[in-house]
Amino acid sequence: MFGGMWESETTLDASWLSGRPQLAIGHFGPELTGIVRFRDEDLIPRPVCGCAYLDQVDVDLTNQRFIATNELCDTPPTVLIWDLTLEDQGADPRLVGEVRRANDDTSPAVMVSFRLDDRFVPDDRRELCDR
Amino acid sequence: MSADPVQDDARTQAHARTQALARTHAHAHARALAHALTLALVLVLVLPAMAAPPPPPSGPWKTVTVAVLPVVYLGGLGDPFADGPENPVLRSAAARWQRGIEVAFQGRDQIVLFGSAEIRERLGRHNEIRRTLELAQERYALGLEHWRALRAKEALGQLDRAKELHLEAFSDLADPRALADVELHRGLALTDLGQIGPAHNAFTQMFALDPARRFERGYYGTPIEQELAGAARDIATMPTPSAVLWPAERLSALARRLGVDVWAFGLIDTADIALVPRVAPQIELALFDARSNSLTLREMFDLGAADLMADDLDRAISAWHSCALEAPRTFVRPPARRRWYVDFGYAHAVWLNHRRTRDYLQGPGAHIGITFIPTPGLELWAKTSQRATLSDANNDLLDVFTTTHIALGAGLGIGGDRVTFSLRAGVEVAFSLADIAMTTDVDCKFFGAASSRCGGIFRADSPALWLGLDFSLSLRYAPRRSWYLGFSAGTTIYAVSGDLVGELNFPLYGTFGFGLPF
């Protein structure tokens, strides 16, 4: 359902996050894991790492939704919370939702939309990025 | 009232006549109506009975064809040169008993009867028999010519051939006097050639074929008359002349040719009357059943009790008849018991014990089974199946693996030709040539076992081997004798397989397929 390579459809442009992140998701039954990848030029305000695992994934298969956290490489680490819902009614499935910073009520959530690039996740996209 | 009394009288008379005439007509109509009703009733009752043929013999009994051979009498053989006074009496008695025997068979259920004349007529329907008989007669005529011309050797050659041909044409039973003529002249020719022994045998054969034959004393020379007298004595003193007169093998051969089931023959034997005058002449009635090749009736009757003949024969024939009829037996060879059953088809298994996966593991595949039934109720079986264990919905089984299962054992079966149910037990060995890897850790599944996030994977390196006990229920359903449908369900309890016993065990399997019995 959620497995595959997902590309951001829009360039995020927020004070704390900008660019076009990419999701590599492995979905097995009720569980999900994966990686959020950032390009060097994407991360705002600073490119602290190229990628990060999706942690604490909470999958709601009924509503085709999952919530996952994402810990960046800065110190103390910035934790992002992704809340994404699958929209697969159209020709191209999409993951739409928002991402926000944990423990930071001052930063507004950023609306995101990911387009399915490929159901297959190649091995090199599963490897951990160099922190 | 009229004034003229004459006219009144005339009117009265006319009226009376009219009334009488009317009554007469009424009576006539009533009689005619009664006659018509009677006639209609008679027609209703009688016509259907006349139109309907008599019901054929019914019942599940086989028809028995009985042929009656001519009654033979052996009287006066003590002196074949004198036609004693008893011979006409015996001839008459023979004819009377011949008729009596035929009457005794007539009208009995399921009996088809034909007499001696019909035997010849039926034989004559066969072209080869008719032709053989003609050749025999020609040979006999040639032999006779040679013998009369004092060419005894040539005569004997022709007569020998005539004898062979007569026997081929069953003249010994159908026309014994013709063959007796041949034997007589064979004996004469042999005597001319100085072969006294064979000549004696030929004369004996002649009397066996025609015991009533008599000769004029002095017609032949003394040596021949001596041989004739000796031959006649041989026949007269035989303990069981009927066996010589009607040899069983000849009766059987002719029965096969004519479709006769039973031969009936009568023998009036008065040969020993001269020796024991007080013994009343008797007739021996015998029935030879060609189906069993044996005498099924042998009765002696007093020849003189002519008034009791019908009763005697009826009693004997009735007793025979009650036992002779038999139901048609259709010998249906029971179909050979099928001992081997080979079936193949789809197999499916579910691992009931799967500690490393959260969902059941399904294993579709194919199977081949062989069953041998050494004795009803016992089954020896062997089977092999190839099953692919598929990944579950959670992908806890990381890769599909294929297992080969080989099992053999015994079973107890119940059922008939169509449905057989059996309970089976045996041992099974299974192996897989693929590595088996299972985990419930999602990071292991996505990032691989080498990932630092992977908590651990259970892995059984190939080849994996299971060994255990197999228990199953089997059902064979055969809509036709030539094939069947096989179903089975069972499980295997693996006892020896290293680590795998605890991780994957108790596959519950089912099969269904198509099979052929042998």
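The model is predicted. Chain B contains a closed barrel of 8 strands with antiparallel pairing, and its contact with chain A draws on 8 residues from chain A and 8 residues from chain B. Residues A:Phe28 and B:Gly100 are treated individually below, as both are buried.

- On the side of chain A that touches chain B, β4 (22-28) and β5 (31-37) of chain A each supply at least two residues.
- The largest share of that side, 4 residues, comes from β5(A).
- By residue class, the side of chain A that touches chain B comprises 2 nonpolar, 4 polar and 2 charged residues.

**A:Phe28**

- A:Phe28 belongs to strand β4 of chain A, one of the strands that supply at least two residues to the side touching chain B.
- A:Phe28 counts as buried because 23 other C-beta atoms lie within 10 Å, where the cut-off for a buried residue is 20 or more.
- When residues up to four places away in sequence are not counted, A:Phe28 touches B:Asn394, B:Asn395, B:Val442 and B:Lys445.
- Within chain A, the C-alpha atoms of A:Phe28 and A:Gly3 are separated by 8.1 Å, although the two residues are 25 residues apart along the chain.

**Barrel of chain B**

- The strands of the barrel follow the order β7-β8-β9-β10-β11-β14-β15-β16 (chain B).
- On average, neighbouring strands of this sheet are turned by 25° against each other, direction ignored.
- Strand β7 (residues 340-354) and strand β16 (residues 504-517) of chain B run antiparallel and are joined by 13 bridges.
- B:His348 has B:Gly510 in β16(B) as its bridge partner.
- β7(B) also pairs with strand β8 (residues 361-375) of chain B, in the antiparallel sense and over 12 bridges.
- B:Tyr341 stands opposite B:Thr371 in β8(B).
- A hairpin is formed by β7(B) and β8(B), with 6 residues between them.

**Helix α5 of chain B**

- Helix α5 (residues 152-168) of chain B has 17 residues.
- From its first C-alpha to its last, α5(B) reaches 24 Å, close to the 24 Å expected at 1.5 Å a residue.
- Buried residues of α5(B) are B:Ala152, B:Ala155, B:Leu156, B:Gln158, B:Leu159, B:Ala162, B:Lys163, B:Leu165 and B:His166.
- An α-helix has 3.6 residues a turn, so residues three or four places apart point the same way.
- The packing partners of the buried residues of α5(B) are α4 (127-148), α6 (171-174) and α7 (176-192) of chain B.
- Just after α5(B), B:Phe170 adopts a positive phi of about 60°.

**B:Gly100 in helix α2**

- B:Gly100 is located in helix α2 (residues 86-105) of chain B.
- B:Gly100 counts as buried because 21 other C-beta atoms lie within 10 Å, against the cut-off of 20 or more.
- Leaving aside neighbours within four places in sequence, B:Gly100 is in contact with B:Met309, B:Ala310 and B:Leu313.

Key
Residues are numbered from 1 along each chain as its sequence is written. Chains are lettered from A and ligands numbered from 1 in the order in which they are written. This is a predicted model: local features need pLDDT of at least 70, side-chain atom pairs count only at pLDDT 80 or more; totals for chains, interfaces and linings use all residues. Two residues are in contact if their C-beta atoms, placed from the backbone, lie within 7 Å. Ala, Val, Leu, Ile, Met, Phe, Trp, Tyr, Cys and Pro count as nonpolar, Asp, Glu, Lys and Arg as charged, and the others, Gly among them, as polar. Two strands pair if DSSP finds at least two bridges between them. Axes are lines fitted to C-alpha atoms, for helices over the stretch in contact, and angles run from 0 to 180 degrees between N-to-C directions. The expected span of a helix is 1.5 Å times one less than its number of residues. A residue is buried if 20 or more other C-beta atoms lie within 10 Å of its own, exposed if 12 or fewer, and partly exposed in between; C-beta atoms are placed from the backbone.
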